[in-house]
Amino acid sequence: MSNSDKYKDRQNLPEHVVRELELIEKRQESLRDDMSVNTSPYGVNDWEILPGFHEPDLTPIASLKTLEDLLSQDKRREEDGFTRRIRLGKLIKPAPGKKGKIVIVPTTTEPKFYHDDSITQEEETGGSGEGEEGEVIGQQQAEPQQGEGEGQGAGEGDSASHEEGTNAFDLGKVLTEKFKLPNIKDKGKKRALNKFVYDLTDRNRRFGQLLEKKATLKKIVETNILLGNIKPGEPIDTQNFVIGPRDQIFRIMSAERDFETQAVVFFVRDYSGSMQGKPTEAIVTQHLFIYSWLMYQYQNNVLTRFIVHDTEAKEVDNFQQYYQLQVAGGTRVAPAFRLVNKIIAEENLAADYNIYVFYGTDGDDWDSDGKELTEELKKLFPDTSRVGFTVAKNAWGGANKTTVEKTIEKSGFVEKRRDEFRIDDFQAESADENRLIESIKKLVSP
Amino acid sequence: MHLLDQHAKAIMEECKVRARNAGLDFDHETLEYIVSNKDMLELSPKVMIPTLYDYWVNDVEVLKEYGKYKLYPTNPYETVINSRPAISFYNDNNPDWMNIMIFYHVIGHIDFFQNNRLFEHTWNDDFVGVALADKRLIESYRSRYGRWTDYVVEFARSIDNITGYFQTLARMNYDGHLEPSSMLNFYFNTFLPDHLKEDEFHIFKEQQRYNTLFDSNPKMAESTFFAQVKSRHPEFESAYKNAADKAPPATDLLEFLIDHSPFLKQEKNRWMKSVMTVIRNTALYFAPQMRTKIVNEGWASYWHDKLFRGDNRIIGHEVAYSALNAGVTSLSRVGLNPYAIGLRLLEYVEELADKGKMSREYQKLILADEKEAFDKKTGNGQEAIYKVREKFSDFMLINTFVNQEFVDRHNLFVTGKRPNPEKGVIEYYVKSRKAEDYKKMLIDSLYHPPVIRADVNKTTNDSLYLVHAFEGKQLIKDFIPEVLIGLNFLWGDEVKLETTEIMVNQKAETEEEMYSLQKVLYACKDKKVTKSKVEENAA
């Protein structure tokens with residue numbers, strides 16, 4: 001249809017409609033012609049025009065900081081004269097029978113003026129349904145609940161699943177780097193594993209992945225001395241140098257057999273009645289930290305054994321049980337170390353592993369002369385890299401030395417066995433995270 | 001995070017039309033976004049405002065949420081924020097029928113945000129936009145002053161829960177000309193009773209004298225009146241001037257610091273005031289949501305149920321809906337469900353009004369049978385719940401309508417908690433079915449920050465004196481020193497806090513002997529905090 005035809009059809013239309021149509025057509029044409037022309041100064045943006053420039057990322061959390069940043073910022077607070085605020089907490093998902101899951105998370109509270117309802121207000125909530133006043137309608141385990149809570153809870157130490165291991169490793173890394181825990185002094189690589197790593201360690205002439213400049217230059221000089229291009233006492237003209245193909249020395253990928261260090265850690269604790277509450281919490285939390293730190297130090301090659309004792313000692317399967325078990329019995333420390341010695345001897349652990357033993361107690365021991373314990377410890381020392389005692393004292397004990405402390409004092413281990421043995425004590429009631437870390441430093445420092 | 005697809009948006013728009021026909025009233029525009037669970041985790045510490053200012057505590061929260069999510073993955077349905085246009089966030093895997101219910105619920109919230117008077121101060125701005133500007137401002141300070149910006153944020157946030165929210169609201173609609181001039185105010189409220197120790201009768205006589213002058217000549221009344229006062233009490237003028245210098249127009253502690261802190265007045269510290277203002281405004285924005293949780297959720301639940309059940313698109317999904325709805329709005333056997341309580345209360349109000357029970361006539365009745373049978377069929381139910389939606393907070397709703405009839409009807413009771421050492425368990429038991437106990441329990445569970453103000457008479461340039469108005473609850477002691485250290489920084493010198501602590505006497509035999517009150521004074525100077533007892537007669 002030609003233009004004239006078009007206008008012919010329109011002659012029957014009212015004038016304003018024709019004008020409208022023409023305007024539309026004109027606009028369409030101009031759009032077709034000027035597709036790439038921008039009619040408004042606000043229509044173009046850097047991210048459309050500039051090469052390699054992208055639209056700004058508008059996600060709300062673009063500036064989210066990593067845990068490491070947060071911790072280093074937290075450290076600055078001390079220098080500025082304010083208290084540190086970030087705590088590392090553990091979240092635990094209980095899984096009865098099986099192994100629970102644990103993740104390490106940072107937590108913080110913002111101090112504000114809040115009302116404190118704990119004294120004046122009884123714990124009440126709503127309810128609905130049947131039941132007379134006074135009737136019990138439900139119950140809950142009174143033990144500190146595994147799980148949902150944050151902070152001081154049980155952990156899972158047996159590192160069965162990869163995820164838990166990774167988390168303990170991360171925590172260990174943080175502990176080592178941020179809290180300045182010492183690195184382990186290598187006692188020697190003990191266990192050969194059939195593991196190979198690939199590295200550019202071998203040399204090869206003529207081809208390879210990486211030219212080794214120094215060695216190559218030496219070869220070139222050697223060649224040119226033989227060719228007579230370098231004469232003693234005369235100036236060297238490098239332009240006359242000849243470079244043979246065999247002069248080039250390269251590094252080449254090759255398999256290396258690797259030796260790795262492994263460690264086995266015995267976590268031993270008193271689970272008698274007097275340990276209930278704060279002492280247990282302090283000891284178990286500290287042991288979890290130590291475990292994490294060793295995981296980092298030994299690049300995850302850490303085996304754990306858990307032993308609890310009252311008057312007898314027994315081995316338990318995992319951290320969960322280690323944390324939870326509680327009996328009302330009395331306390332004898334020696335059997336626990338007898339069991340440790342027995343396990344080391346039977347499984348011949350000393351030959352292949354660095355052995356660590358960490359013991360947590362409230363200091364109670366019915367063997368007041370402590371002879372047996374001293375004997376067992378003497379037997380233990382030659383096989384171990386470190387034995388660390390933690391005495392988490394109960395509030396009622398006052399400042400007096402506990403039986404365990406007296407035994408150790410009498411044995412003189414602290415002075416004589418400085419390489420193998422350390423002991424630390426604190427009030428369980430007031431032991432916060434920092435105190436526990438402080439204590440770990442004492443136990444593991446070289 | 002991306003916009004809802006056209007299919008789902010069409011459903012939303014249809015829901016809006018039907019909701020409006022049913023009587024709800026809200027802005028035409030709304031925005032809906034699909035978010036991933038990860039987005040939700042990252043948004044929740046920012047109270048779902050994507051543009052809220054950055055702060056490291058939020059980052060810590062996000063990292064914690066990640067950890068939690070690893071253990072307990074959740075799938076949130078929706079969440080809605082009070083912005084202009086209102087923005088709501090959704091999970092992308094809801095079936096259509098579920099979306100209809102969720103949309104109705106969201107529309108209920110939007111209607112509530114935009115009509116409840118407690119939100120009035122949020123009506124004029126789009127908070128998402130305001131927050132973005134604030135975020136950029138704080139970011140620019142951060143690039144200039146580094147971590148000191150975060151300290152200011154931290155210290156301001158340490159008192160952002162005691163902002164004068166109600167004072168701010170009151171100020172909004174306050175008709176200034178009703179207030180007597182500051183000089184009159186001072187004369188009658190301070191000068192006569194405090195300086196001259198006049199008794200009430202004399203004060204009343206003086207007021208009458210003023211009123212007579214005012215009636216004869218309103219314009220000249222004040223000057224005539226004070227001419228006489230000044231001749232009789234030559235000291236009045238200087239006393240008034242002194243008081244005017246001190247008088248704090250501040251509604252809360254943050255504003256007081258911004259206006260009067262000698263440290264912040266220094267040229268190099270002025271920027272801190274803008275940071276503090278941002279923190280204060282942000283806190284004020286969130287304040288009404290904390291005070292309307294039950295009534296807001298009740299309102300949204302009421303409407304999603306009413307609208308969806310009358311919607312033909314429910315056909316075929318009735319059973320699935322019932323299960324979902326019951327999960328949201330059923331009363332818990334043990335515990336408090338704000339959705340359930342709010343919904344039941346609104347339904348109760350509707351019923352009372354429908355039967356004409358909100359009347360003097362009904363209240364006069366004594367016999368239970370007569371009360372039960374009372375029904376004037378006035379049909380005012382809808383009107384009544386719309387009034388609740390416009391004017392009520394959680395406290396007002398509970399305080400007005402929780403009574404024995406309500407408690408009995410829904411079989412409600414207060415659950416107590418007690419240890420049973422023999423079994424080694426914590427027991428939950430039915431503690432009380434009395435309405436007054438139930439009401440008290442509900443009210444105690446409501447958000448109620450302490451009242452802490454600067455005492456202008458005891459405050460000097462060297463020392464800021466704070467007073468906690470004791471309401472039967474002490475402050476959390478562990479936090480007091482930390483907050484004071486922050487305030488010490490913002491004031492630039494000593495900060496004191498007068499508060500009351502509850503002493504527990506473990507040996508006491510009766511409950512009355514067990515608790516005693518002790519006024520204490522915390523003082524913080526150079527980041528060191530000390531605490532001393534205040535003798536009652538001195539205070």
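Student: In which sense do β4(A) and strand β5 (residues 412–420) of chain B pair, and over how many bridges?
Tutor: This is a predicted model, where local features need pLDDT of at least 70, side-chain atom pairs count only at pLDDT 80 or more, and totals for chains, interfaces and linings use all residues. Residues are numbered from 1 along each chain as its sequence is written, and chains are lettered from A and ligands numbered from 1 in the order in which they are written. Strands are DSSP runs (E, at least two residues; helices are H or I, at least four), numbered from the N terminus, and two of them pair if DSSP finds at least two bridges between them. β4(A) and β5(B) pair in the antiparallel sense, over five bridges.

Student: Which element gives the most to the side of chain A that touches chain B?
Tutor: Contact means C-beta atoms, placed from the backbone, within 7 Å. By that rule 53 residues of chain A meet 65 residues of chain B. Elements supplying at least two residues each include α4 (67–80) and β1 (87–93) of chain A. With six residues, the top contributor is β5(A).

Student: What is the strand order of the open sheet of five strands in chain B?
Tutor: Its pairing is mixed. The edge strands, each pairing on one side only, are β7 (451–454) and β12 (528–533) of chain B. The order is β7-β8-β10-β11-β12.

Student: Which residue in β11(B) stands opposite B:Glu498?
Tutor: Strands β10 (residues 494–504) and β11 (residues 515–525) of chain B run antiparallel, joined by 10 bridges. Opposite B:Glu498 stands B:Leu521.

Methods
Contact = placed C-beta atoms within 7 Å.
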